[in-house]
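Thanks for coming. I will go through one complex today, one chain and then the other, so please look at the model while I talk.

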Amino acid sequence: MANNFIQLKLPAKIESLREFTAFVHNAAQEAAFPEMDLGRLDLVMEEVVVNVINYAYPDSQPGNIEVGYAIEGPGKLSVQVCDSGRAFDPLAKDPPDLRLGLADRPIGGLGIFLVKQIARSISYNRDGDQNILTFCLEVEP
Amino acid sequence: MTIESTKAGKAVVVKLIGRMDADTNKEFEAAVAQLVSEGSVYLVVDVTELLYINSAGLGSFLRNAKRAQEKGGALLLCGLKGLVKEVFEMTRLISVFPVFESTDAACQSIA
């Protein structure tokens, strides 16, 4: 986790999701995010954190998630989501085929796609035993 | 999230109020499964007062629409706006579901 990030560490459980989302949501309010952008941030946070909760740790070895943020300026927020689970790059997944009609559309696979659409920038890094996903959200002027 | 179902001729209007997330999407699926099992296969889903949706919620829309279609019906959408509209546009689900401005227009289309 970058040094300048304000951090919150909680167990990688679904019960932690609300607290993580509120933690970053409050920072975005401080950074003067309008309502629509707060909703976009909630969506990105929920998709990223749920992904880690579901896939990072095996049931037999529960672990933590660390979320950090830095307010880069008015309407600009950087967020890092770190875990010490198995190496997993969510960004490496093939994009969904959006041309498919109802009968052929798979039910899942849209979460990380939405994250990529909404985030101004996003990157994945494996550092030692840590997965580090860093993204930036910026309010359009 | 609150779900209000109202019979409207051949259709049932399902109004979603609040936020659809990883918890509440199951309620939407259960409500629609119940309606379809009772023979209501034309579902007009009014999202005018739906403030938030995530990918789990989108999955529920797809699952419900497939369920209705399998029984010879359809899931129609109306009242898209704000973040919910944006998410349906980004994922191009806006072209998967028939979309209407109002519940009246949606209901008339299947009359």
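**Chain B, then the chain A sheet**

Reading from the N terminus, chain B has its elements in the order β-β-α-β-β-α-β-α-β-α. Helices here are DSSP runs of H or I with at least four residues, strands are runs of E with at least two, and both are numbered from the N terminus. That comes to 4 helices and 6 strands in chain B. Chain B has a radius of gyration of 12 Å, close to the 13 Å that the globule rule gives for 111 residues, so it is as compact as a globular protein of that length. The radius is taken over C-alpha atoms, and the rule is 2.2 Å times the number of residues to the power 0.38.

Before going on, a word on the source. This is a predicted model, in which local features need pLDDT of at least 70 and side-chain atom pairs count only at pLDDT 80 or more, while totals for chains, interfaces and linings use all residues. Residues are numbered from 1 along each chain as its sequence is written, and chains are lettered from A and ligands numbered from 1 in the order in which they are written.

On confidence, chain B averages a pLDDT of 95 (the predictor's confidence in each residue, from 0 to 100), and 100% of its residues score at least 70. For the complex, the predictor gives an ipTM of 0.92 and a pTM of 0.94.

Now one residue. B:Leu62 sits in helix 2 of chain B, residues 55-70. Is B:Leu62 buried or exposed? B:Leu62 is buried, because 21 other C-beta atoms lie within 10 Å. The cut-offs are 20 or more other C-beta atoms within 10 Å for buried, 12 or fewer for exposed, and partly exposed in between, with C-beta atoms placed from the backbone. Setting aside residues up to four places away in sequence, B:Leu62 touches A:Arg105 and A:Ile107; contact means C-beta atoms, placed from the backbone, within 7 Å.

That takes us to chain A. Its 5 strands form an open antiparallel sheet in the order 1-2-3-5-4, where pairing requires at least two DSSP bridges between two strands. Strand 1 (6-11) and strand 4 (121-127) of chain A are at the edges with a single partner strand each, so one side of each has no neighbour in the sheet. Inside the sheet, strand 3 (residues 76-83) and strand 5 (residues 130-138) of chain A run antiparallel and are joined by 8 bridges. A:Leu77 stands opposite A:Leu137 in strand 5 of chain A.

Definitions and conventions
Two residues are in contact if their C-beta atoms, placed from the backbone, lie within 7 Å.
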